[in-house]
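Walk through this model with the structure open beside you.

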Protein chains: 2
Amino acid sequence: MFSKACEYGIRASIFIATKSSQGIRVGIKDVAKEIDSPEPFTAKIMQILTKNGIIHSAKGVGGGFEVSNEAVKSIKLIQIVDAIDGDKIYKGCGIGLKQCSEDHPCPVHHEFKKIRGILLEMLTKTTLEQLASGVKSGDFYLKTLNTNH
Amino acid sequence: MFSKACEYGIRASIFIATKSSQGIRVGIKDVAKEIDSPEPFTAKIMQILTKNGIIHSAKGVGGGFEVSNEAVKSIKLIQIVDAIDGDKIYKGCGIGLKQCSEDHPCPVHHEFKKIRGILLEMLTKTTLEQLASGVKSGDFYLKTLNTNH
DNA sequence: TTAATTAAAGATAAATTTGTCTTTTATTGA
DNA sequence: TCAATAAAAGACAAATTTATCTTTAATTAA
């Protein structure tokens, strides 16, 4: 569905949002640790998110990543997906036709139209705040439980 | 959503089904041409489909690919997807958690559960026959219209 | 103004997916 | 049996995605 980069980007954004609500900036090390992702790759993804104005970053001592309380409320999942994976997932043809539309539909066009519509609605409606609050309350998780190995 | 391989596999299966209904076997050259895909790569994908019993192949003079009329009716889209891309698309976690379940849900678990359910239902219900008949009737297309260039 | 800190940027590398080419095997018909 | 045909199999190559490493730039505090 989403690329690895996008999966990490969503998880990172949610984690940063949970910390920002407590007024805490987090460094890339913490982010990668808490969402169980490769640190340098995650840093690259953070650059995309900051360039797109989704996450704010601050260099230097005491710096790190954060999202303002207002931004957390307004940012929708689709903004993160769009910034990293583009719009192919909710716009492209299900079986890869360059030309696929109501007038020139592929064999699965109508079925996929429905699914893409639901996906798009979900991505458009879900805010970072909703997701972050679920993590804060302990209802949702951002990584696998630790096991002894 | 699906890999390129899977997109080609679905398109190829549908094209072969339309030809088989007329009692015509098709070679890999025709398949690639009609679905606008790279021939050698498509040949590889055909090997997966034949190994999985979705498409039948015959070597030698007059050989090629075909699907029996009974098979066309019984084969579901999910069999093609499963053979090529596996079950990740309708089973895996939306944001890539290894562990993601009702008891240990990721932040988008419930939203994705719904979407995956609809996708799974669609893949499970849609038969090759449905898709092929739409192409035969001219309602659906398997490639872009030819343009002069 | 210097040292420490932290993200940004850029170069590189590994892994995976996509795509190609060559050889082998099976089948048919002459 | 032999030649032609067509898929299968295997090796290889290009492109993309994922991941890493090093250097640079910005910021803070001493």
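The buried residues of α7(A) pack against α5 (77-85) and α6 (88-91) of chain A, together with α7 (109-125) of chain B. Buried means that 20 or more other C-beta atoms lie within 10 Å of the residue's own; exposed means 12 or fewer, partly exposed lies in between, and C-beta atoms are placed from the backbone. Helices (H or I, at least four residues) and strands (E, at least two) are DSSP runs, numbered from the N terminus.

This is a predicted model: local features need pLDDT of at least 70, side-chain atom pairs count only at pLDDT 80 or more, and totals for chains, interfaces and linings use all residues. Residues are numbered from 1 along each chain as its sequence is written, while chains are lettered from A and ligands numbered from 1 in the order in which they are written.

Which residues of α7(A) are buried? They are A:His109, A:Glu111, A:Phe112, A:Ile115, A:Leu119 and A:Leu123. Seen down the axis of α7(A), these fall within an arc of 150 degrees, so they line one face of the helix. The arc is that of the directions from the helix axis to the C-beta atoms. On the other side of α7(A), A:Gly117 and A:Lys125 are exposed.

Now take the chain pair. 32 residues of chain A are in contact with 32 residues of chain B; contact means C-beta atoms, placed from the backbone, within 7 Å. On chain A, α1, α7 (109-125) and α8 (128-136) each supply at least two residues of the side that touches chain B. That side has 19 nonpolar, seven polar and six charged residues. Here Ala, Val, Leu, Ile, Met, Phe, Trp, Tyr, Cys and Pro count as nonpolar, Asp, Glu, Lys and Arg as charged, and the others, Gly among them, as polar.

How do the copies relate?

Finally, the DNA. 23 residues surround DNA strand D, and the closest are A:Lys4, A:Pro38, A:Pro40, A:Gly60 and B:Gly27. Near means a C-beta atom, placed from the backbone, within 6 Å of the strand. Of the 23 residues around DNA strand C, A:Gly27, B:Lys4, B:Pro38, B:Pro40 and B:Gly60 come nearest.

Key
Contact = placed C-beta atoms within 7 Å.
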